[in-house]
Amino acid sequence: MTTAVMDALILRGPNAPFTRASIARPQPLVGEVLVRIKASSVNPLDLKIRSGNAAHAKHPFPAILGMDLAGTIEALGAGESRFAVGDDVYGLVGGVGGHQGSLAQFAAVDADLLAPKPSNLSMREAAALPLVFITAWEGLVDRAQVQARHKVLVLGAGGVGEMAIQIASAFGAEVFAVDKAAKGNIIERLGATAIDREQTTPQEYVGDHTGGHGFDVVYDTVGGVALDTAFNVVRRFGHVVSCLGWGTHSLAPLSFRAASYSGVFTLLPMLTGKGRAHHGAILREAKRLAEAGKITPLVDPRRFSFETVAEAYGEIEKRTSNGKIVIDIAE
């Protein structure tokens, strides 16, 4: 019997060049599906994993990177009935913890991690969503329980911040976002009030937008000093969330407001095997919001392929992307 093969990009060691190779095509096990990958997006975390510097997201070498994917189901593992061959799906599925990533033509994926692709999004747009949407949703909805009456402040309008703005707006909250002036138009277009971090102090925007009371929910997507700022601009009994809260911080400002804090670690289900079905459920919420016109992924218009993946990673490193960078996967 001839073994089915596929093309994939192999990383032999930290910061090694990507090498295209023909390897055995994986076979879906019980609870898995085989996905023919059409698009894979690049996240800043991918750069840390590639360099071997992501202590919280180790991926043994040789490795196939890529956490997000969108594609079409090619085959079903034994007993799998939630999906059918030919279904278009998307998800946050691998590229960490020894799980094969999406820089390959096929992947055998735990079906719990997948959801049907939003019908109004292209494969490229769908591939841009999983990590950033799940991260934003877990912070705002699962942890902070965002509501229509809330004033929500988002610190940083990168990929997660852009999703946080749109999710909070979809829940009817009044949303504000702090970033550099160049991000102002994007922030406003997504439904938030833009605050120029270089022209307005935290004390000033708390006074201007909350009457000095502070924000009900603050989502820090930057970490470091930004998280300290979050502790100082949340209102009494409010909630601070961070997806980059890894430093050492004084909790005194938070405690004096009787406010609470939650961390978000989106990779836990992939790394531990626990809670994976919740990721699939969150992506079904993303599908609902996308099809209702409530969220739109911002995708860099430049096209990248297996041959130009190194260039795509370089653009992320230089921070020159205009939206999420997506790799078109060859057939």
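Contact here means heavy atoms within 4.5 Å. In this predicted model, the buried residues of helix α7 pack against β8 (151–155), α6 (202–210), β11 (215–220), β12 (234–242), α8 (252–256) and β13.

- The buried residues of α7 are A226, L227, T229, A230, F231 and V233.
- The whole structure contains 6 aromatic pairs.
- One of these pairs is formed by F231 and Y261 in an edge-to-face arrangement, with 5.8 Å centre to centre and 90° between the planes.
- This pair links distant parts of the chain, as F231 belongs to helix α7 (residues 225–233) and Y261 to strand β13 (residues 260–263), 30 residues apart.
- F231 has a relative accessible area of 2% and is therefore buried, the limit being under 20%.
- Y261 is partly exposed, with a relative accessible area of 31%.

**Other ring interactions**
- F133, W137 and F171 are linked into a cluster by ring pairs.
- R25 places its charged end over the ring of F106, 4.0 Å from the ring centre.

**Second largest pocket**
- The volume of the second largest pocket is about 180 Å³.
- Its lining consists of P26, E32, V93, H99, Q100, A107, A108, V109, D110, L113 and R276.
- Strand β6 (residues 106–110) supplies the largest share of this lining, with 4 residues.
- By class, the lining has 6 nonpolar, 3 charged and 2 polar residues.

**Backbone exceptions**
- Most residues other than glycine have a negative phi, and most peptide bonds are trans.
- The peptide bond from F61 to P62 is cis, with omega near -5°.
- P62 is found in the loop between α1 (44–51) and β4 (68–76).
- N15 is not a glycine, yet has a positive phi of about 60°.
- The loop between β1 (5–11) and β2 (18–24) holds N15, and this residue counts as exposed at 52% relative accessibility.
- F237 also has a positive phi, near 65°, but is located in strand β12.
- With a relative accessible area of 60%, F237 is exposed.
- Strand β12 is also among the elements against which the buried residues of α7 pack.

How values were computed. Residues numbered from 1 in each chain as written. Predicted model: local features only at pLDDT ≥ 70, side-chain atom pairs only at ≥ 80, totals over all residues. Heavy atoms only, no water. Phe/Tyr/Trp six-rings, centres within 6.5 Å; stacked < 30°, edge-to-face > 60°. Helix = DSSP H or I, 4+ residues; strand = E, 2+ residues; numbered from the N terminus. Buried < 20%, exposed > 50% of the residue type's maximum accessible area, 1.4 Å probe, protein only. Lys NZ or Arg CZ within 6 Å of the ring centre and 35° of its normal. 1 Å grid on protein atoms, 1.4 Å probe; cavity = no way out; pocket = protein on both sides within 12 Å on 5 of 7 lines; lining within 4 Å. Points joined across faces, edges and corners; volume = space filled by probe spheres on them. Nonpolar A, V, L, I, M, F, W, Y, C, P; charged D, E, K, R; others polar.
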